[in-house]
Structures are given as C-alpha cells and as structure tokens.
Amino acid sequence: MGGTAGAVWGRAEQQDFRSRVRGTLLGVAVGDALGAPVAGLGLDAIREEHGAEGLSDLAAAYGRRGAVTHLTQLTLFSVDGLIRAQVRRDTGAWHPPTDLHRAYRRWLATQRDWGPDLRRKDDGWLAHEEWLYVRRDPPRALLLGLGDETMGTPEAPKNPGERGPEAAARSAPFGLLVGWEPQLVAQLAVECAAQTHGHPTGYLAAGAYAVIVHGLARGESLDAAVQRALALLAARPGHEPVTDALQHALGSVRQGLPVPARVTGLIGAGTAEGLVAAAVYCALVGEDVRHGLRLAVNHDGPSAAAGALTGGLLGALHGETALPPAWLAELEGRPTLLELADDFAMEMTQGPALHGPAGSSPGWLTRYPRA
C-alpha cells in the first residue's frame with residue numbers, strides 16, 4: 001500500500017511541503033481550540049455568552065485559553081503512526097493500518113494512565129509528552145473501539161453503527177502522504193477509521209476528507225480536491241450520504257452570504273458527512289483563515305469537530321503563515337505540534353537517509369522505534 005514521497009525534492013518543494021504539513025496540524029489544533037469552549041452549545045447560547053457576533057477569539061476551556069480536545073490528540077498520534085509505519089517498512093513489515101492502530105492504542109494509554117512510563121522505550125517520544133495525559137471528553141466510541149487488541153477493519157469494523165465525526169477529524173495526516181496515489185490515501189483513511197467508526201458513512205467521510213487534504217497538500221484548489229474525492233467515492237458502496245453532503249456544500253457556496261444557519265443545515269444531525277461538508281463550505285467561503293474558522297464554530301452543531309476539520313483544510317491550502325499568529329501563540333501543545341510536523345516532513349522527504357539500507361540515525365530510531 002502506497003510508498004514514500006518522491007526521492008528527489010528541491011529546496012523550494014521541501015519548504016512548501018513543510019509549511020503545508022505545519023499548517024495542517026496547527027490548523028486542526030487551532031480550529032479545535034477555537035471551538036472547544038462552545039462545544040455542546042447552540043448558537044443562541046454562544047451569542048448570549050460571547051456577544052451578537054458569537055465567538056470571535058480563543059476562550060477558556062479545560063481551565064485555559066487555547067486548550068485542545070481529543071481530536072487534536074488523536075491527530076498527533078495519526079502522524080506518529082504514519083512515521084512509525086515508514087520506519088518499520090525497512091524490516092519488511094508493511095501494514096500501515098496496524099501501525100496506526102498501535103499509535104491509537106498509545107493514545108488510549110494517555111486517557112487511562114496518570115502519566116508517561118519512561119521505561120517503555122518502544123512507545124517513542126510522543127507518548128512521553130506529559131501534557132497529553134488528560135481526558136478531553138473523548139466519546140465512548142473511541143474508548144470502546146480501541147479498548148482491546150482486536151483491530152477493526154471495513155469488513156469487520158468496530159462500532160458498526162457509529163457515524164460520528166471523530167475518525168474524519170483525525171484523518172488530515174493521511175492526506176499529507178503526497179507521494180501516494182489518492183485512492184491509496186482514501187483506503188488507508190477508511191481502514192483506520194473503521195477501527196472506531198464502523199458505519200460506512202463514518203469511514204467513507206474520513207476517506208473523503210483525507211483525499212481533499214491530499215489534493216490541497218499537492219497544490220490543488222479546494223474545489224478540484226473535492227471533485228477528486230467525489231470521483232473516488234462513486235466506486236464505494238454506501239457512498240451516497242457522503243457524496244450528497246459534499247455536493248450540498250458546493251451548492252451552498254452560491255446561495256449568498258455565509259450565515260450560521262447554512263452551516264447548521266450542512267451539519268444536520270452531526271454525523272461525519274455533515275461535519276466534513278460544513279468544513280468544506282467554511283473553507284470555501286471564508287474571506288481568510290480567521291473568518292473561515294469563526295464561521296466553523298458559531299452554529300448549533302459540534303463546534304470543536306467543525307473547527308478542527310475546517311482548520312485542517314485551511315492549513316493544508318494556505319500553509320502555516322496564513323494561520324492567525326495570536327491564536328497560535330496561545331495554542332496548547334504548540335511546540336509538540338511543530339516538532340512532530342517537522343519530523344513528518346523530514347521522514348517523507350529524507351526517510352531513506354534516516355533509516356534506510358545505506359545508513360541510519362540512532363536518534364531517529366529512538367524517537368520512532370521499529371518495535
């Protein structure tokens with residue numbers, strides 16, 4: 001399944017890719033942090049608390065401004081799992097969904113343990129980050145889906161009735177596999193989503209979102225990336241709800257000025273396809289990143305998920321420098337996000353030099369053990 005990015009990268013290409021990787025991960029996190037304080041609130045309650053225009057700036061959640069939720073935590077472990085998969089490929093063990101499942105199980109340990117066990121060297125550096133050892137309202141589907149060693153697959157998924165947006169919201173990193181073909185990106189996202197969200201709508205929305213990010217990371221327009229996702233979805237059984245939602249998002253762009261009611265309408269019952277569609281809409285109609293993210297969190301639906309999904313799109317589209325600096329300055333875990341983003345970019349552009357047959361870096365293999 002898939003491969004690494006192209007063997008030859010020019011300096012400008014490397015810099016652009018690094019900016020888009022940073023932008024994607026920071027975008028997910030800052031959108032998540034913006035929406036977290038109003039998660040679970042309707043628009044009227046948001047306006048009552050934050051004024052007639054709704055939430056327009058970071059606010060306190062979990063005891064601080066800029067706090068992230070389980071959505072960002074899991075996105076980080078998606079990146080960790082992808083790097084570990086590339087490193088393990090040298091051993092002949094090449095099954096990325098298994099490496100992602102192990103990474104998500106490491107996330108689950110952060111939800112159960114008091115803090116990192118530094119004696120577990122095979123966990124790698126991310127699992128030793130103390131700030132991740134907090135519960136940020138993970139839904140039951142995540143805890144149940146990852147609660148034992150059995151890995152869900154599309155043929156035998158965990159939580160077969162689960163249609164929530166959490167699997168899609170951790171899937172932006174799959175789109176950063178720019179050397180892969182889009183159909184392989186979609187397949188990996190689908191397989192990893194089925195580990196916790198077994199309804200076709202839940203895992204196909206994750207696949208579509210990953211393909212859209214993939215197009216943006218490769219320099220396509222958002223509209224072109226959505227069209228590619230629609231084309232790939234057409235061959236998948238049960239694709240119709242996701243396809244219809246994305247087409248509804250594209251049609252909504254032509255219906256006048258963006259308003260919260262339109263975002264709420266796209267989100268619908270708060271299932272994965274509605275949240276991905278709303279994110280596409282907010283990213284398309286936003287005058288800039290700040291406006292798009294504000295639109296993504298001020299409505300009657302799940303604000304953190306909508307913010308995270310929208311932020312991932314905007315970050316992949318515009319790169320790191322387009323994100324609001326004042327929001328990034330207060331973002332929880334920003335050093336970890338940047339470090340992991342740069343490691344991912346390094347792995348994808350220079351992986352063979354780090355752990356290939358011609359030589360290896362002991363420090364890299366300590367950070368991302370093959371075990």
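1. Threonine 271 is placed in the loop between helix H12 (260-267) and helix H13 (272-285), where helices are DSSP runs of H or I with at least four residues, numbered from the N terminus. With a relative accessibility of 14%, threonine 271 counts as buried, the classes being buried under 20% relative accessible area, exposed over 50% and partly exposed in between, with a 1.4 Å probe and protein chains only. Its side chain and that of glutamate 273 are joined by a polar contact of 2.9 Å (a pair of N or O atoms within 3.5 Å; within protein, one must be able to donate a hydrogen and the other to accept it, and residues adjacent in sequence count only if both atoms are side-chain atoms).

2. A word on the basis of these values: this is a predicted model, in which local features need pLDDT of at least 70 and side-chain atom pairs count only at pLDDT 80 or more, while totals for chains, interfaces and linings use all residues. Residues are numbered from 1 along each chain as its sequence is written, and side-chain values use heavy atoms, with hydrogens and water left out.

3. The largest nonpolar core holds 119 residues, and Phe174, Ile212, Leu246, Leu313 and Phe344 have the most contacts inside it; such a core is a set of buried Ala, Val, Leu, Ile, Met, Phe, Trp, Tyr and Cys residues joined through side-chain atoms within 4.5 Å. Helix H9 (residues 200-217) supplies the largest share of this core, 12 residues. Leaving out residues up to four places away in sequence, leucine 246 touches Ala208, Ile212, Val226, Leu230, Leu233, Val276, Ala277 and Val280, with contact meaning heavy atoms within 4.5 Å.

4. The aromatic pairs number 4, under the rule that rings of Phe, Tyr and Trp (its six-membered ring) pair if their centres lie within 6.5 Å, with planes under 30 degrees apart counted as stacked, over 60 as edge-to-face and the rest as tilted. Phenylalanine 17 and phenylalanine 344 make a tilted pair, at 6.4 Å centre to centre and 40° between the planes. This pair links distant parts of the chain, since phenylalanine 17 belongs to helix H1 (residues 11-35) and phenylalanine 344 to helix H17 (residues 334-355), 327 residues apart. Phenylalanine 17 is buried at a relative accessible area of 2%, and phenylalanine 344 is buried at 1%. Trp9, Phe17 and Phe344 form one aromatic cluster.

5. Two arginines are placed against aromatic rings: the charged end of arginine 170 sits over the ring of tyrosine 104, 4.6 Å from its centre, and that of arginine 290 sits over the ring of tryptophan 327, 4.8 Å from its centre. The criterion is NZ of Lys or CZ of Arg within 6 Å of the ring centre and within 35 degrees of the ring normal.

6. The whole structure contains 21 salt bridges, each a side-chain nitrogen of Lys or Arg within 4 Å of a carboxyl oxygen of Asp or Glu. In one of them, glutamate 149 meets arginine 105 at 3.1 Å, N to O. Glutamate 149 lies in the loop between helix H5 (140-145) and helix H6 (166-169) and arginine 105 in helix H4 (residues 96-112), so the pair ties together parts that are 44 residues apart in sequence. Glutamate 149 is exposed at 62% relative accessibility, whereas arginine 105 is partly exposed at 23%. Elsewhere, Asp113, Asp117, Arg119, Arg120 and Asp123 are linked in a network of salt bridges.

Key
Helix = DSSP H or I, 4+ residues; strand = E, 2+ residues; numbered from the N terminus.
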